[in-house]
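Subject: Structure for your review

Dear colleague,

Please find below the structure I promised to hand over, followed by an account of what was found in it. I would be glad if you read the notes with the model open beside them.

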Amino acid sequence: MIMIVNKLFWQKYRPKNIDALILLPRIKNQLFDENENLVINNNLLLIGGPGEGKGCLADIIIPKGSLVINASYNSSVEDLKETVNDYCRMVGNNIFDEDYDPQGKNKFKFVYLNEFDGVSKQYQEALRGYMEDNADRIRFIATCNNISKLSDPVRSRFTEINFDPKNSEEKEWLLEQYIERAQLICEKNKIEISEVELKSIVNINFPDLRSTMNVLQQLTMKKGTDNISSLV
């Protein structure tokens, strides 16, 4: 008999708002003003390893109706022409669009490029033109694991936000937050695990919180310290 879990932990406990997202204080300072308002004053490039919250942040801040592209497989210039070009050309100009705003109060739209480091060099070159031509009405948000795959001219058109901890202080802060989140998940799912074992799981997978959640999900099917130890 085969049993398939309907909801994976990393989906089930995916943050739905900014308050639930674990963000380094440095990143919050980059994104929020003194009144705690989210300010997007440029295109954003979210950099860092997997499972650090880049995609979660992008999903939260992009408005409904934004163009979302998985750049890891929609990575050719032809894809760019068929998606981004049409969106940039038509957005804000259609009176039948439910978001049509003749006064221009909500004129900015968003293009979200997930896994942007998967696109070709030709795609990057072509995108530069769309970014420049539509700077007065389109903001681009991109996520990237490997920044070395992006050209300097493309990077210069973004504000870069690095999710990787830069020093021991940031690492310790993230570890504390991750352990607290993992403890809450264990409590909700009645996972019996010692504090030492839980910290070990978080440390081994750090800074990938998604991988930690995958291990915790495995523990829902395990009983006993021996089984837990085999996953650490």
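This is a predicted model: local features need pLDDT of at least 70, side-chain atom pairs count only at pLDDT 80 or more; totals for chains, interfaces and linings use all residues.

Residues are numbered from 1 along each chain as its sequence is written, and side-chain values use heavy atoms, with hydrogens and water left out.

**Overall fold**

The protein has ten helices and five strands. Of its 232 residues, 39% count as buried, where buried means under 20% relative accessible area, exposed means over 50%, and partly exposed lies in between, using a 1.4 Å probe and protein chains only. If contact is taken as heavy atoms within 4.5 Å, then residues 24 or more positions apart account for 79% of the contacts with a separation of 6 or more.

**Nonpolar cores**

A nonpolar core is a set of buried Ala, Val, Leu, Ile, Met, Phe, Trp, Tyr and Cys residues joined through side-chain atoms within 4.5 Å. The largest such core holds 39 residues, of which Leu-46, Leu-57, Ile-141 and Leu-216 touch the most other members. Two or more residues come from each of α2 (25-31), β1 (43-47), α3 (54-61), β3 (109-114), α7 (168-188), α8 (195-205) and α9, and α7 gives the most, with seven residues. A second, separate core has 24 residues, including Leu-45, Leu-80, Leu-113 and Cys-144. Leaving aside neighbours within four places in sequence, Leu-46 is in contact with Lys-54, Leu-57, Ala-58, Ile-141, Ala-142, Thr-143, Cys-144, Ile-161 and Phe-163.

**Pocket and cavity**

Both terms rest on a 1 Å grid over the protein atoms alone: a cavity is a set of points where a 1.4 Å probe fits but cannot get out, a pocket is an open set with protein on both sides within 12 Å along at least five of seven lines, and lining residues have an atom within 4 Å of a point. Grid points are joined across faces, edges and corners, and a volume is the space filled by probe spheres set on the points.

The largest pocket has a volume of about 500 Å³. It is lined by 25 residues, and the closest to its centre are Arg-14, Gly-51, Gly-53, Cys-56 and Arg-210. The elements that give two or more residues to this lining are α3, β3, β4 (138-144), α7 and α9, with α3 giving the most, at four residues. By class, the lining divides into twelve nonpolar, six polar and seven charged residues, where Ala, Val, Leu, Ile, Met, Phe, Trp, Tyr, Cys and Pro count as nonpolar, Asp, Glu, Lys and Arg as charged, and the others, Gly among them, as polar.

There is one cavity of 30 Å³ or more, and the largest cavity holds about 40 Å³ of space. Its lining is made up of Ile-22, Leu-23, Leu-24, Ile-27, Glu-52, Phe-163, Leu-174 and Tyr-178, which amounts to seven nonpolar, no polar and one charged residues.

**Local points to check**

The peptide bond from Phe-206 to Pro-207 is cis, with omega near 5°, and Pro-207 is placed in the loop between α8 and α9.

A polar atom of the Gln-217 side chain lies 2.8 Å from the backbone nitrogen of Phe-9. Helix α8 contains Ile-201, which is buried, with a relative accessible area of 1%.

With best regards

Key: A polar contact is a pair of N or O atoms within 3.5 Å; within protein, one must be able to donate a hydrogen and the other to accept it, and residues adjacent in sequence count only if both atoms are side-chain atoms.
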